[in-house]
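Hello,

Here is the structure I promised to pass on to you. Please open it next to this email, and then read on for what was found in it.

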Amino acid sequence: EAFLAKTIPELTLPLHSAELRIGQLHIGDLYAKQNHATINTAASGVRIEGINSNGPAGILRGDVHLQQHGKGDWQFDAKAEITARSTDGGIANDLLDSEWHWREGKVDIEGQGRRWGELVDSLHGEIALLGSHRTGTVTPIDIKATLGHREDLFSLEDIQVKLGEALITGRIEFPGDVERKLVLDLKGEALDLRFLFSGKLEEPKAGIPLPDFLTQYQEIDLEWKLDLSHLQLPTLNLTTLSTNLVRKPDSGRVDATGGGPGHGRLALDLNWHGAPDRPSDVDLELTLQDVDLEHLYTGRTGVFKTHSSGKLSLQSHGSDVESIFRAMLGRAELQTRFRRDGNWERQSEPIEEFNFAGDSKLIIKDRRILGVRVDQLNITSLNQDLTGSVSIAAGQEPWLSAELTSSRLDVTALAQLLPKSSTAADERGLLVN
């Protein structure tokens, strides 16, 4: 910060031109060959032009100018372009995941100021990156953004990311001097993320990862907004997702809503409070409205066509993300409606509605949240009364398993909900003992 506050010194340079050539340049484990540039100096400043550097995977070309305009006012501009050496390779395959092939990158920026800080804050221009993701299929990727130049604020504005047919737009801000905060506001349309796993030998991991971002880089406040439509995910059958996240050193909140191909909706509310490096109190609430749980988890419609509505409320206390989520305990209360004929317009018959209530906890494996287990379960309808436990989890077969006992069971009524033949039951993946 002290350096940025300093005035850029006036340069008194002679009129001179020189060729710079370096056969091989090493920076750590990186190297470049046949490095070349022309350096021109004058009373007005420095011009470095015709920069050419050959790395193992790419070629860098560019120009840099630092010119003095008037007394103490400096103008800076830089243009750079890096391209892959081969059409099949990428710019940084040795450094990045080899599935991401970046073929071309461009930067065109400029700024001016009397002090180093003013010069940095004034930088603005265009940034572009072109490449593809390659597994079983090739998905083209085109990234463009504008570097903003508001005072004390680094920003990428007018972001456009094309992933195949998908489009993500938005902005990123980092006001580093005034406050340590990272602001993201992104929107996405027709976002099909299944390409990330296309052609891979291993299946995509079930469930969702633990939210480690809750405790990472706690010195930076977060303010994120994400709005995705026509979404396709490999492990969860959601087509829309809207998320708002606010994180401060001693508290935070995540609000998220999502929907599937039908009319079902989910809403998640996650809150936490606690000073840095101390245990936190965490509350999680998941609300469902007319959600087909099997379709959400597997993408299939099972033996029972169902709509579930209700709430899952969990609380926990701990000092790290995994221990907090493993220790979460709470209550689940759901109402599930069944339709063998799939007609949701008509009124439910008594046998077609069940109320669920019980003690709940999350199912976690390999740092991924797979689902929920409900114990001390009480399932009631007009003619049924069952108790026991049930687990709903992604990646397990079947996706729903239960251990139940009954003091009142209408078997004849339940049979009306089942497929009419063993063949139909087998097609729906139903196992009944």
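Let me begin with a term: a salt bridge is a side-chain nitrogen of Lys or Arg within 4 Å of a carboxyl oxygen of Asp or Glu. Side chains of opposite charge can pair when their charged atoms come close. By that rule, a search of the whole structure gives 14 salt bridges.

Before the details, please note that this is a predicted model, in which local features need pLDDT of at least 70 and side-chain atom pairs count only at pLDDT 80 or more, while totals for chains, interfaces and linings use all residues. Residues are numbered from 1 along each chain as its sequence is written, and side-chain values use heavy atoms, with hydrogens and water left out.

**The protein as a whole**

The secondary structure consists of five helices and 23 strands. Here helices (H or I, at least four residues) and strands (E, at least two) are DSSP runs, numbered from the N terminus. The protein has 433 residues, and 34% of them count as buried. Buried means under 20% relative accessible area, exposed means over 50%, and partly exposed lies in between (1.4 Å probe, protein chains only).

Among contacts between residues at least 6 apart in sequence, 44% join residues at least 24 apart; contact means heavy atoms within 4.5 Å.

**Salt bridges**

In helix H3, Arg326 and Glu322 lie four residues apart, about one turn of the helix. Their closest N and O atoms are 3.1 Å apart, and they form a salt bridge. Arg326 is partly exposed at 39% relative accessible area, and Glu322 is partly exposed at 23%. This couple also belongs to a network of salt bridges that links Asp212, Glu322, Arg326 and Arg367.

Glu173 and Arg171 form another salt bridge, with 2.7 Å between the closest N and O atoms. Glu173 counts as buried because its relative accessibility is 13%, whereas Arg171 is partly exposed at 30%.

Glu118 meets Arg115 in a salt bridge as well (3.0 Å, N to O). Glu118 is partly exposed at 30% relative accessibility, and Arg115 is partly exposed at 37%.

**Around Gly113**

Gly113 sits in strand S6 (residues 100-113) and is buried, with 6% relative accessibility. Gln75 is 38 residues away from Gly113 along the chain, yet their C-alpha atoms are separated by 6.9 Å.

**Nonpolar cores**

A nonpolar core is a set of buried Ala, Val, Leu, Ile, Met, Phe, Trp, Tyr and Cys residues joined through side-chain atoms within 4.5 Å. Which residues have the most contacts inside the largest core? They are Leu270, Phe325, Met328 and Leu362, in a core of 29 residues. The elements giving two or more residues to this core include helix H3 and strands S19 and S20. Strand S21 provides the largest share, five residues.

Leu362 is in contact with Leu314, Phe325, Met328, Ile369, Gly371 and Val372, not counting residues up to four places away in sequence. A second, separate core has 24 residues, among them Ile8, Leu123, Leu163 and Leu191.

**One aromatic pair**

A pair of aromatic rings is described by the distance of the centres and the angle of the planes. Rings of Phe, Tyr and Trp (its six-membered ring) pair if their centres lie within 6.5 Å; planes under 30 degrees apart count as stacked, over 60 as edge-to-face and the rest as tilted. By this rule there is one aromatic pair. Phe338 and Phe354 form it edge-to-face, with 5.2 Å centre to centre and 80° between the planes. The two are 16 residues apart, with Phe338 in strand S19 (residues 329-339) and Phe354 in strand S20 (residues 353-365). Phe338 is buried at 12% relative accessible area, and Phe354 is buried at 6%.

Happy exploring!
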